Amino acid sequence: MALLEVNDLKTYFQTDDGIVKAVDGVSFSVEKGKTLGIVGESGSGKSVTCLTIMGLNDRKNTITSGEALFNGENLLTAGSRRLREIRGNDMAMIFQDPMTSLNPVHSIGTQLIEAVQLHRDVSKKAARARAVELLKAVGIPRAERRADDYPHQFSGGMRQRVMIAMALVNDPDLLIADEPTTALDVTTQAQIMLLLTNLQEEFGSAIIVITHDLGVVAESADDVLVMYAAEVAEQAPVEKLFRRPFHPYTWGLLGSLPRLDTDLERLVQIPGQPPSLLRPPNGCRFHPRCPYVMDKCKQIDPPLVPISDDPAHLQACHLDETTKDREAAKLLETTMAQAI
Amino acid sequence: MIRYLIRRVLWAIVLFVVVTLVTYVIFFLVPNDLAAKVAGQGSSQEARARAIHHLGLDRPVYVQYGKFMWALVKPVPVHVGSVPVFVRPQGNLGYSYIRATPVNELIKSAAPVTGSLVFGGVIVWLLIALPIGILSALRPRSVMDRASMTFVLVGISAHPIWIGLIFAYVFGFRLGWFPISNYCNFFNHAGGCGGPVQWAYHLILPWITYAILFAALYARMIRANVMEAMTEDYVRTARAKGAPEQRVLRSHVLRNALLPVVTMLGMDIGVGLGGAVFTETIYNLPGLGKLILRAIGETDLPIVMGVVVFATFAIIVFNLIIDLLYAWIDPRIRLS
């Protein structure tokens with residue numbers, strides 16, 4: 001049994017302008033100890049998918065359907081008390097912006113101790129010992145003393161380490177990292193990703209990494225989910241996705257990676273903008289931006305189906321496979337993806 | 001910290017000089033017939049001239065101001081036993097032109113009245129504003145929220161004089177629940193009534209009257225702050241840790257949302273201690289507001305100056321207290 005199995009997850013928000021379909025029929029699963037990367041542009045529904053699983057969306061104005069089975073238990077129908085037991089204990093989350101994700105008026109020690117004591121009936125002293133242990137594990141120097149410091153006394157990278165320590169303090173089965181490196185500078189990004197990978201080996205947690213950075217996915221993920229406009233465009237084990245990408249949107253993402261070996265005036269970009277989730281386009285949601293668009297694409301939304309010779313590689317596109325193989329090969333010749 | 005304190009104190013001195021100087025100058029720009037008031041109606045020219053000379057009003061303004069300031073800040077040694085240990089400012093505010101009583105005495109008897117009104121009022125308005133502000137922030141657009149915001153609108157729009165008169169009429173006169181006027185001393189029975197019970201009983205209507213405007217302003221401010229804090233990332237973090245809503249609110253939302261309220265409180269207490277003129281007038285409370293109002297009417301400069309000095313001092317002191325308190329509760333300020 002998979003640790004987390006999400007089936008046909010839908011999250012709709014009621015707004016004054018109408019219903020925003022932020023997540024529209026997403027399915028995936030995460031195995032114990034594995035890493036799933038969710039990739040997509042801003043507003044593609046990556047974060048909302050995970051917030052829904054955590055039960056952190058505002059309950060008012062949110063309509064959720066489908067299933068999110070965590071150790072066999074459907075989180076979408078679980079009561080709020082049960083969800084609180086799971087959150088921070090079996091399943092933890094770190095967020096994009098470490099500068100604002102820690103409470104400025106409590107010392108980081110206090111915030112970690114709170115995380116421990118919410119789920120464990122232990123003394124403050126024991127909770128503190130555990131907190132310091134985790135701060136050491138994430139590489140905070142002089143952790144014993146720094147536990148009494150306040151968030152503003154740490155740099156962005158150090159704060160994200162603190163967030164990771166806080167998430168792992170109760171040894172969760174699943175860690176959701178929502179763009180954990182986006183707000184950090186490049187060298188720190190690499191350190192944080194390395195830290196996550198190392199800690200995964202040590203703690204054995206499964207990880208979902210949400211990112212728009214294909215580099216992050218290539219380095220850390222076992223499986224990849226490419227999301228576009230609230231739907232899954234392509235889903236595959238990481239090496240397959242990079243060796244043989246099968247969706248024009250994935251090509252677009254790969255094609256827009258910066259390259260070091262040619263003198264391009266500017267980066268290649270996917271033309272147009274992500275569609276409004278209030279009124280998504282008919283048919284395939286990518287068709288207004290797709291260079292391979294056919295008449296069919298404007299009518300029928302392609303289902304997510306396995307490619308003919310690989311049941312683990314799913315994609316949602318009407319284009320025939322011969323063309324795709326040819327285009328994918330052409331793309332890989334000219335992009336950095338080869339290097340990866 | 002020390003440098004910060006020194007800077008604050010220097011600023012306070014500048015502020016103090018400016019405020020007193022401006023008050024002094026305004027007083028001499030306003031046309032008045034002080035001599036007639038001091039010497040009495042129908043007094044002779046000669047008597048009036050003598051009175052003016054006696055009060056020093058025939059000297060240039062800057063001399064008068066200098067003498068006033070000197071009486072105030074002149075260092076006098078403080079003795080422990082017979083040994084002078086340190087010096088303190090003399091703090092002499094002079095004598096009333098009209099009554100010839102020491103201004104210090106007048107302030108000393110009026111300040112506790114205003115203090116009782118203001119501090120009691122602060123408690124009343126916080127008791128109203130905190131629950132209203134927090135609850136309506138938690139349920140925006142609910143019936144409760146709309147009712148609260150209606151109260152806020154009324155509270156801000158209705159003038160304290162009007163509220164005071166209505167309250168005095170309804171609860172004092174018609175229903176007879178509370179006394180309409182006068183003040184009872186907290187400690188002694190001077191002047192007919194006294195003791196904590198009578199003191200509070202006589203102050204209930206003034207407290208509520210004084211508090212309503214502030215309760216409305218604070219409820220609105222607390223609501224906005226709490227709503228903003230609820231959307232902060234660290235609140236989401238707290239929920240992601242599995243903290244129950246109540247704990248999220250208490251430990252993460254309120255602690256941050258109420259920081260600006262503390263600042264406001266310091267300012268408003270300081271200003272209030274200068275005299276709650278409207279409330280004191282309606283309920284006939286012998287506080288600083290009534291004192292300065294009468295003194296202005298009689299162009300009794302020393303009393304006006306006395307109250308201004310006291311109010312300025314109160315504002316400066318309370319702002320300093322709040323700054324220190326703020327540094328204590330907000331680690332970002334304390335440690336930077």
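User: Starting with B:Ala211, why does B:Ala211 count as buried?
Analyst: In this predicted model, B:Ala211 counts as buried because it has 27 C-beta neighbours inside 10 Å, where 20 or more are needed for that label.

User: Where in chain B is B:Ala211, and what does B:Ala211 touch?
Analyst: B:Ala211 belongs to helix α8 of chain B, which covers residues 196–230. Leaving aside residues up to four places away in sequence, B:Ala211 touches B:Gly121, B:Val124, B:Trp125 and B:Ile128. The C-alpha atom of B:Ala211 also lies 8.7 Å from that of B:Gly120, although 91 residues separate the two along the chain.

User: How do α6(B) and α8(B) pack?
Analyst: Helix α6 of chain B, residues 143–157, packs with α8(B) at an angle of about 135°, and the axes are 8 Å apart. The two helices are therefore oblique to each other, and their crossing is left-handed.

User: Which residues make that contact?
Analyst: From α6(B) the contact uses B:Ser148, B:Phe151, B:Val152, B:Gly155 and B:Ile156, while α8(B) brings B:Ile212, B:Leu213, B:Ala215, B:Ala216, B:Leu217, B:Ala219 and B:Arg220. Sorted by class, the contact of α6(B) with α8(B) has nine nonpolar, two polar and one charged residues.

User: And α1(B) with α14(B), at what angle do their axes cross?
Analyst: Helix α1 of chain B (residues 2–29) and helix α14 of chain B (residues 301–329) cross at roughly 155°, with axes that come within 10 Å. Angles over 145 degrees count as roughly antiparallel, and α1(B) and α14(B) are therefore described in that way. The crossing of α1(B) and α14(B) is right-handed.

User: Which residues of each helix are involved, and what classes are they?
Analyst: On α1(B) the contact is made by B:Arg8, B:Ala12, B:Leu15, B:Phe16, B:Val19, B:Thr20, B:Thr23 and B:Phe27, and on α14(B) by B:Leu301, B:Val304, B:Met305, B:Val308, B:Val309, B:Thr312, B:Ile316 and B:Leu320. These residues divide into twelve nonpolar, three polar and one charged.

User: Switching to B:Leu258, where is B:Leu258 found?
Analyst: B:Leu258 sits in the loop between α10 (245–257) and α11 (259–273) of chain B. With 19 other C-beta atoms within 10 Å, B:Leu258 is partly exposed.

User: What about the contact between the chains, how many residues does each chain give?
Analyst: Chain A gives 24 residues to the contact and chain B gives 18 residues. On the side of chain A that touches chain B, α2 (80–86), β6 (91–94), α3 (98–101) and α4 (108–119) each supply at least two residues, and the largest share, four residues, comes from α4(A). By class, that side of chain A has eleven nonpolar, eight polar and five charged residues.

User: And chain A overall, how many helices and strands?
Analyst: Chain A contains 13 helices and twelve strands. Its radius of gyration is 21 Å, close to the 20 Å that the globule rule gives for 340 residues, so chain A is as compact as a globular protein of that length. Along the principal axes, the C-alpha atoms of chain A fill a box of roughly 65 × 45 × 40 Å.

User: What share of chain A counts as buried?
Analyst: Of the 340 residues of chain A, 44% count as buried. Among the contacts in chain A with a separation of 6 or more, 65% come from residues 24 or more positions apart.

Definitions and conventions. Residues are numbered from 1 along each chain as its sequence is written. Chains are lettered from A and ligands numbered from 1 in the order in which they are written. This is a predicted model: local features need pLDDT of at least 70, side-chain atom pairs count only at pLDDT 80 or more; totals for chains, interfaces and linings use all residues. A residue is buried if 20 or more other C-beta atoms lie within 10 Å of its own, exposed if 12 or fewer, and partly exposed in between; C-beta atoms are placed from the backbone. Two residues are in contact if their C-beta atoms, placed from the backbone, lie within 7 Å. Ala, Val, Leu, Ile, Met, Phe, Trp, Tyr, Cys and Pro count as nonpolar, Asp, Glu, Lys and Arg as charged, and the others, Gly among them, as polar. The radius of gyration is taken over C-alpha atoms; the globule rule is 2.2 Å times the number of residues to the power 0.38. Axes are lines fitted to C-alpha atoms, for helices over the stretch in contact, and angles run from 0 to 180 degrees between N-to-C directions. Angles under 35 degrees count as roughly parallel, over 145 as roughly antiparallel, 65 to 115 as roughly perpendicular and the rest as oblique. A crossing is left-handed if the near helix is turned anticlockwise from the far one by less than a right angle, and right-handed if clockwise.
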